[in-house]
Amino acid sequence: QVQLIESGGGLVQSGGSLRLSCAVSGRTISSVGMGWFRQAPGKERDFVAAIGRSDWSRSYADSVKGRFTISRDNAKNSVDLQLNSLNPEDTAVYYCAAGPWFAVRSSQYNYWGQGTQVTVSS
């Protein structure tokens, strides 16, 4: 019943920007915590950003602070991730996740999208 679908990935040059969106069906995002993770080839799935039921409850990985912004659109039942000042190290598959509360650990999330590829060229 619960589905998360990411979109907005693509190929950009270093210094460019992308906006990822995660559409949620089967659950109202205003009542759950949402997060973004990413996984590069041969590496673990790393935490990127999270947002709780309130907009002021947010967390970011050190590597993306000041460059990425997570936000929710309750009317559209979606959560977005704005990626600015991208560099090749940001290349990865980006996943959105939903859980019962605010969290930064992947094990604390119950539902996952299939991911969207972000590739940054130098």
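These legends describe a predicted model of one protein chain, first as a whole and then in close-up.

Figure 1. From the N terminus on, the order of elements reads β-β-β-β-β-β-β-β-β-β-β. The radius of gyration is 13 Å, close to the 14 Å that the globule rule gives for 122 residues, so the chain is as compact as a globular protein of that length. Along the principal axes, the C-alpha atoms fill a box of roughly 40 × 25 × 25 Å.

Figure 2. Of the 122 residues, 43% are buried. The chain exposes about 6400 Å². Carbon and sulfur atoms supply 46% of that area. Now look at contacts with a separation of 6 or more: residues 24 or more positions apart account for 57% of them.

**Figure 3. Charged side chains and their pairs.** The chain carries 12 positive and 9 negative side chains. The centres of the two sets lie 5 Å apart. Side chains of opposite charge can pair when their charged atoms come close. How many salt bridges does a search of the whole structure find? The search finds four. The next views show salt bridges in close-up.

**Figure 4. D80 pairs with R19 in a salt bridge.** The closest N and O atoms are 3.1 Å apart. This pair links distant parts of the chain. D80 sits in strand 8 (residues 78-83), and R19 sits in strand 3 (residues 18-25). The two are 61 residues apart. R19 has 45% relative accessibility, so R19 counts as partly exposed.

**Figure 5. D62 and K65 form a salt bridge.** Their closest N and O atoms are 3.1 Å apart. D62 is exposed. K65 is exposed too.

**Figure 6. R67 and D90 meet in a salt bridge between loops.** The N to O distance is 2.8 Å. R67 lies in the loop between strand 6 (58-60) and strand 7 (68-73). D90 lies in the loop between strand 8 and strand 9 (92-99). The pair therefore ties together parts that are 23 residues apart in sequence. Both R67 and D90 are buried.

**Figure 7. R38 joins R67 and D90 in one network.** Which residues make up this network? R38, R67 and D90 do, through salt bridges that share partners.

Conventions:
Residues numbered from 1 in each chain as written. Predicted model: local features only at pLDDT ≥ 70, side-chain atom pairs only at ≥ 80, totals over all residues. Heavy atoms only, no water. Helix = DSSP H or I, 4+ residues; strand = E, 2+ residues; numbered from the N terminus. Rg over C-alpha atoms; globule rule 2.2 N^0.38 Å. Buried < 20%, exposed > 50% of the residue type's maximum accessible area, 1.4 Å probe, protein only. Contact = heavy atoms within 4.5 Å. Areas by Shrake-Rupley, 256 points an atom, 1.4 Å probe, with all protein chains shown as cover. Lys, Arg positive; Asp, Glu negative; His and termini not counted. Charge placed at Lys NZ, Arg CZ, Asp CG, Glu CD. Salt bridge = Lys/Arg side-chain N within 4 Å of Asp/Glu carboxyl O.
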